[in-house]
Each structure stands twice: as C-alpha cells, then as structure tokens.
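Trainee: Please take me through this model, beginning with the aromatic side chains.

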Amino acid sequence: MANLFPKRILEEGAETKMDKINNTCRRTILETLKVVLKDEYEEVLKDPVFGPILAIVENKLVYSGKIIHSFICKLLKVSKLHELWFVFANRPLRFSMQEFYAVTGLKFREEPELDVNNWKSDKGFWSLVLTKNKKINLLIIRDELLKVCNEWTYVDRVRLVYLCVIHGFVIAKDLRVFIPQEFIRLVMDFEKMRMYPWGLRAYDELIASIFKAREDLHLKNSYVLDGFSYAFQIWIMEAIPDIGSMVGKKIKKKMTKVRCRNWKGSGKVSYQDITSLESHFDKGQLFPFISSTGSLDAIDNAEFFREDEKNDERVGRIVALIGANQDWRQFTWEVETLPPNMELSDSEEDDVEEPAVVAEEPAVTTKRGKREMKSFIEGLFTSSFNSFTELVKKDIQERFDKFDNEITLFKEKVSQTTGPSDTMGKDRASEIPCPSETLGKEQEKSSQSPSPSAAKRKGKSKEPESVDPPPLRRSPRPVRKDDIDMLDFLKNLSKNSNYVDKGTQESLQDAMGNLSQASHVKDFDPSQNLNGEEPAEWVTPLSSFKPADWIPPSLKDMELHEDRMYDPDYSLVFVHEDSWAKLIEWSSTSKQLRIGPSMFTSELAARVMGPTEWLQNHEIDAMMYLFTERTSLRQWFPNKVAFMTCMFSNQMKYSFEEFRKDKKKFKVTGLLQQYGIGELPAHGRTRQMWDLDVNRMYVPLNVGKHWISMCVNFVTRSIEVFDCEGMKHNKSVEPFAALIPRIVKAVQNSSSQQLNVKKYTISYAPMSLLNKSGSDCGVYALKHIECHLLGLDFSLVNDDNIREARQKIAYDLWEAANDPVLVSRMAQFTPPKTFSNPVVEL
C-alpha cells in the first residue's frame, strides 16, 4: 500500500508525552476583565459573534493539553494546506475549516468591499494609539491599562475587552506579542469588526501552529501552541463523544451550530485514559466529519473551498472508504520513517535519554498493541548505541586534538576564579571544572578546594605556585556549563574503546560526577551517607536537591500561578513553590511547633507527606483544630459549625456501650455534656451549644484501621457519612445517631425538655472508588470535610492529586503553627477541668 494512503507521523503506542505545552489560548485575561470591567465584559458577552466564544469562559470548560497533544501525535502526513487528518483507534477523521466553523461559528468568507484601513477618530485612547502608532500587548493591558482605564470613555473600555478576546483567545498570541494595528482599526467600528472573517484568520493561525508543533515533536520536550486551540479540543470532544464525556458534558444534546457554547466541565484526562480508551474502542462512536448541519453532513462542502488548496489523491481514497463504510480495524497504516539525527522526546514515565545520533530505522508498519513506548525506546537505544559510540568517538577525538591548546589555556585562567562548592550545603570555594579535565589530561592542583572528580586524582600532579597566565584568545561565544557538561559526557563515551561495565558505581561516578551526594537515596548506594546537617529523610526526594527556581516538569494546562488560581481544586491541593520552600527550610531544623492539641514535628510531617503512611490521630486532630480556628476567625465564610476530634469519637463509642447496658438509666453527664456546650474540644474552645449556636458538626471516625468522616446536621436531624471507598458503616455510626439527640436534649434549657430523642437518620455521600494506595483514607476524610463545608465537589480530590493534597495539609499545619494570631490564641489555652491530658492516644 506504499503511497496509496498517507502515513502516520508516529507509530501507535509510541506517541511522545511532552513535559509542557506553552498554551497561549488562556482564560486568565478574560477572567480578570470579567471582574475589573464587569459592565463592558457583559456588553461583549451579548455580541452575536464573540458572545458564543465567551461561553467557553462562562461555562468554565477546562483546557486539556494532554488531549490536544495526544491528537497532534496521531496526525497523518498529507499534502493538504488547509486541512488536517488524524487516526484514532485506526479510524481516520478530519479537521478542516468546515469543522472549525461548526465549533466556533466564526465568519470564514472574505468580504471584498470591507475596508480595514480607514477608521474614524473619536479622540479617545485607541484613536491616540493609532495616531501615534503605539505598541500595545496583553501584558501592558493587564499590568498598566486596567489600572487607568476607568478614566477612558465607556466605548474605549468595550474596545479593550474586544481586543483581549480577539488577540488573547481567538487568535491567541503570547502576552508579549503586540496587537496588530489592523485589529485596533477594526474595533473602532463594531459593525466592520463583525464583518471581518475572524474564522478564516483564526483557523489559519491554529493550523500553522499545529504544523510547527508537529515538527517539534521529535526535537523538544515542550513547545508553544498558538491559535484558538480550545476550538481544536472541542472538535475532538465532538468527533469522539467518549473523550468529551471524560472532560465534561453537553448542555444540550442536539446542538449542531456554534458547538463551543455547548460544553462545560472540569474533568482531568491523563495520557493513560486516552490510551485505554483507544485500545478498547472497537465499537466506539467516532464522527470523521462534522458540520453545522449535523455530523457526517456535507463532507466536501463547496463553501469551504480554498483556491490554493493542493490536491491529494491519498485523502480522496480515505474519503471514498469512509463513504463505503470501510472496516478500519484490520487496516494497516504505514509510519513515516524518522529522519537520521532525530530523537524521540522522553516519555512521561520513562526517564530514558536517547543518544543524539540515531541510526536510521526501517519503516515500521503499525500493529496495534504490540509495542509500548518503553520497549520502543529501549530497542532503539540498544540497536544504535554501538554505532553511536564509534561515530562520536572518532569525530570528537579529531575536534579535541584541534582545540586542545586553546582549552588548556582556558583551564589555567578559570582555575584562578572561585565558585560555589560542588558539595551541597558547604560554604567553601571549589575549582571550576573546565573542558580539559574531561579530556583525560593530568589534573592540576587548584588553590581552591578540589571538586569531587578532582579529589579522586589528587596528588598526581602539582600546579606551580605562581603562573602568569598567557593571553586567552576570546571564543566566539562564552563557554557555558552546558558545554562543559556535554564535553564531560562525550569524553566518557570515547575514553576507552574496550567494553566497560556500566553497572558499577565507578562507571556511574565517571559519567555523572556532578551528581551531588546530598541527594541521598536510602539503600541505593552504600557509599552514600546521610549527613546529619541535611534535611529530614522525607524531604530529600521532594525539593532539597532542587535549585531555588526549579519547577517540576509537568504537562499543566495552566502553568502560571495566576492561571492555577482558577483551577477548581486550587484551594484544596495547591502549594506555591515559595511557600513550600519555607516548609523545606524548617524541616532542616529540629524545631517543634505547637498546633492545637498536637506538636508539628518532622515525624508528623513525614506521616502526612507519605505517600504510603497512614494518618494518625495527632495530625487528624491538628487539622480539626485548624478548621475550628478558620471558622472562628471568619477566614472561612460558613459559621455555626463545630469540629470534633478523634477523642470525641472514642468517647462516643465508650458511652454507647454504657447506653446499651441500660438505656433508661443512662444520663448525659461529664465529657459528653462538655462537648454539647462547646467546652470541648478544649483547643479552639467555642462555648457554642449544639442545635442552638451550632447547626452542623463534622466528626472524624476510625473504623477498623480505616478513616471516614461525617457531617451531623442538627437542623435536619441527619448524619451524612463520607467514605472514600464507598462502604457502609451503620454499626460504627450508630453511637452518634443514638446519643447525639440525647446530648442535645440534655444541654438545652428547661424549655427543651420536650425535644425528640429519636435516632438521627444516616445517609452516605455517593463516592467513586478511591484510595487505591490503601493509605490515603485519612487525607480523604479531612478533604471531604473541607469540600462539604465549602460547597465544593468531592470529585475535586482524587487519586490523581491526593499526593498534592498531602503536601497541602503539611503546609497548612506548618503555616498555622507559625501564624502569630493562632500562636497568641494557643498561648492563652487553659486545660479543661474534666481531664488533665488534652492529647489522647487511640
């Protein structure tokens, strides 16, 4: 079938997984306008052209970079200029101007009589910008103009909103790219602006960006994606409804025009989700074409014909087979052969570095399910490594001989300078490594402290006490650390033609001499010793070895902190890097901090951080204390709320046993009464009476080595149980259902003697199966309380972000323990009279 059908750019199962996509189609600036320029934003929201586009923002549809990147990896290489073809589950589908129009409804026909150059001045701000040819971008708008635009005319502020929608969302350029003067001239006349073919302009920008991203897939671990990529994502959701249901849901079932206004949702989709769906998609629904009249209608609508479009008979054959209802399951798509010198990007999970030169592989025919990404990379690495070594060794040796003299001079000059030590945490200077060291030349003793690699060869040669360095010939560009590291790496490959066992510690040290021993990995290398001055063990894998400005590589739809603020799970799991650094700094000390009934220590922090540690009552009680103080200080809006501790749950279990022995003689006294009037829990004492000052009460409960939580509603006389595993615990909850109404009756005044002591009803919050680790139940119990109290959806905390939730709890406890207001309140603590030890072991 050679040349009968277009080839895939990547084999199925070998799709790259990018570290990051720099998406320029962001909701951030529009969310800001919605707050700062509320009236003007609502005016644009009514616009017949751009109002439906803003529906994406209004419906809070989440942006999924993983879906978009996965589909770019599924491209077919066609010669068409204005349409793209993809393969999903071996079935082809098209993205063209027709599909783009069905999603956006933006005008795609050019108006010959539209004059975009002439405009009428009204002596306002934008007239001044055009007259003086000023340069304006979204960064200037966000940081400067929004602070002064209140002095403008109303119509100029509306124009500002239009420009942000056009340049920042529809055309979608980087914040620093200047807004074209053409766009500013257009917004001077709203009728003329609406006649402009924004659909054609936006589609061409998006296609050009996808073409560029396609070329970058093999070369980079990240790329920039300009253009209205939200429209591309919504097309995928429309063409493959199963993917759409992963992200969100349709507002109306049969909407075919301007489909971008018909989706809402915040579901997060992983690469594994997409791969799993594709591998089980034999009978799934897929629409190869969509249009504004309905799916599969108008396959080749003449309205969307472009005069400069190229003919591609291979695409014609695909269309013909689609029309003939071809069974694509047994169809074999050929794969484009990777050019030499081109490497695949690292996958998300496999930390494998490909050689820079790759022996050309023969074309591989796709066979579904026979190869995974890891085996593909390993096979490619193994088959090409030997030839790679020989080629590099020969070439590098010639280059080293040529530049040896110059590098030697450079080394003598650099050795005069001081720099930070190669060993982390030591305040001493060290010799700055230079390329000549990596060429196997004799080491010279520096006047500074030796680096680790130099120390191994200490004493082999000595440097003269005083040397006048000869004049250095300036290199065309400064030698960077990256260059030195690369020479180190290449030297290790070409150092010896004999076989070297790469598994030895000596070999690893030679190849990775700059790896700090401060990054201690327990039981990995016996030669590594954990320095007593270093942070506690649980910190090391997280941040202790990172530079201060290090950002973990991840595919995030919204990378900036200001964008992350709009994520629905932000308040539940997100900790800013600067804030996290403070906790890391504290962890290097042995300082203990008081937090309510508990002490925040490195041991407690280690349990919270896990990720496989089961939470104990100390950290559970500390968080319940923090919840109490947040509501007492009105840091959280809900009021008339109480939070109990693990000791309360334990007391209820004990009291229920007494109650069952003789229900008629049972009396509510002592501790139970103290809880009912708000004297307990003692830390964060509220003195608020149940069912009078308090409407709701949250309780953590341990049921057989498993944590759950619940909300007691005094108004509805009900108990709602939150269990991350979706189990029923009627027997464990029964003490609360039976005793709480009796406690309420006992603590009320004499007029409440007629209060009903009938059991509270028990219900269970619907919950998907969570806690796959088996050790996160305590984290879920706390976060479910937080979600219920603040009116957030329980699904915002899940197995994908539960590790972040642990980090958030650890930081919240540390922050609270250092809060001057809480420290002052804790200093005024007085123990209750009923018992002497406020901390109880369960």
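**Aromatic pairs, strands and selected residues**

Trainee: How many aromatic pairs does the count come to?

Mentor: The count comes to 46 aromatic pairs. The rule takes rings of Phe, Tyr and Trp (its six-membered ring) with centres within 6.5 Å, and calls planes under 30 degrees apart stacked, over 60 edge-to-face and the rest tilted. The model is predicted, so local features need pLDDT of at least 70 and side-chain atom pairs pLDDT 80 or more, while totals for chains, interfaces and linings use all residues. Residues are numbered from 1 along each chain as its sequence is written, and side-chain values use heavy atoms, leaving out hydrogens and water.

Trainee: Why is the pair of Tyr570 and Phe574 stacked?

Mentor: The ring centres of Tyr570 and Phe574 are 5.1 Å apart and the planes lie at 25°, so this pair is stacked.

Trainee: And is Phe574 buried or exposed?

Mentor: Phe574 counts as buried, at 14% relative accessibility, whereas Tyr570 is partly exposed with a relative accessible area of 23%. Buried means under 20% relative accessible area, exposed over 50%, and partly exposed in between, with a 1.4 Å probe and protein chains only.

Trainee: Let us step back. How many helices and strands does the protein chain have?

Mentor: There are 32 helices and 15 strands in the protein chain. These are DSSP runs numbered from the N terminus, helices being H or I with at least four residues and strands E with at least two. Of the 842 residues in the chain, 48% are buried.

Trainee: What share of the contacts joins residues 24 or more positions apart?

Mentor: Such residues account for 72% of the contacts with a separation of 6 or more. A contact means heavy atoms within 4.5 Å.

Trainee: Next, strand S4. Why is S4 largely enclosed by the rest of the structure?

Mentor: In S4 (residues 83-88), 6 of the 6 residues are buried, so the strand is largely enclosed by the rest of the structure.

Trainee: Which residues point which way from S4?

Mentor: Glu83, Trp85 and Val87 point one way, and Leu84, Phe86 and Phe88 the other; all of them are buried. In a regular strand, side chains alternate between the two faces of the sheet.

Trainee: In what order do the strands of that sheet come?

Mentor: The open sheet has 4 strands in the order S1-S3-S4-S5, with antiparallel pairing. S1 (7-8) and S5 are at the edges with a single partner strand each, so one side of each has no neighbour in the sheet. Two strands pair if DSSP finds at least two bridges between them.

Trainee: How many bridges join S4 to S5?

Mentor: S4 and S5 (residues 91-96) run antiparallel and are joined by 6 bridges. Glu83 stands opposite Ser96, and Phe86 has Leu93 as its bridge partner. On the S3 side, 2 bridges join S3 (residues 75-77) to S4, with Leu76 partnered by Trp85. A hairpin of 5 residues connects S3 to S4.

Trainee: Where does Ala89 lie?

Mentor: Ala89 lies in the loop between S4 and S5. That hairpin has 2 residues between the strands, and Ala89 takes a positive phi near 55° there. Ala89 is buried, with a relative accessible area of 5%.

Trainee: Asn325 also has a positive phi; is Asn325 buried or exposed?

Mentor: Asn325 is exposed, at 68% relative accessible area. Its phi is about 55° although it is not a glycine, and its place is in the loop between H15 (313-323) and H16 (373-414).

Trainee: Changing topic: what does Leu572 touch?

Mentor: Not counting residues up to four places away in sequence, Leu572 touches several residues, including Lys783, Glu786, Cys787 and Leu796. Leu572 and Leu796 are 224 residues apart in sequence, yet 8.0 Å apart in space, C-alpha to C-alpha. Leu572 lies in helix H23 (residues 570-573) and is buried, with a relative accessible area of 0%.

Trainee: Finally, where is the place of His683?

Mentor: His683 is in the loop between helix H28 (670-676) and strand S12 (696-702), and counts as buried at 14% relative accessibility. A polar atom of the His683 side chain lies 3.5 Å from the backbone oxygen of Gly596. The loop between H28 and S12 also holds Pro681, and the peptide bond from Leu680 to Pro681 is cis, with omega near 0°.

Notes: A polar contact is a pair of N or O atoms within 3.5 Å; within protein, one must be able to donate a hydrogen and the other to accept it, and residues adjacent in sequence count only if both atoms are side-chain atoms.
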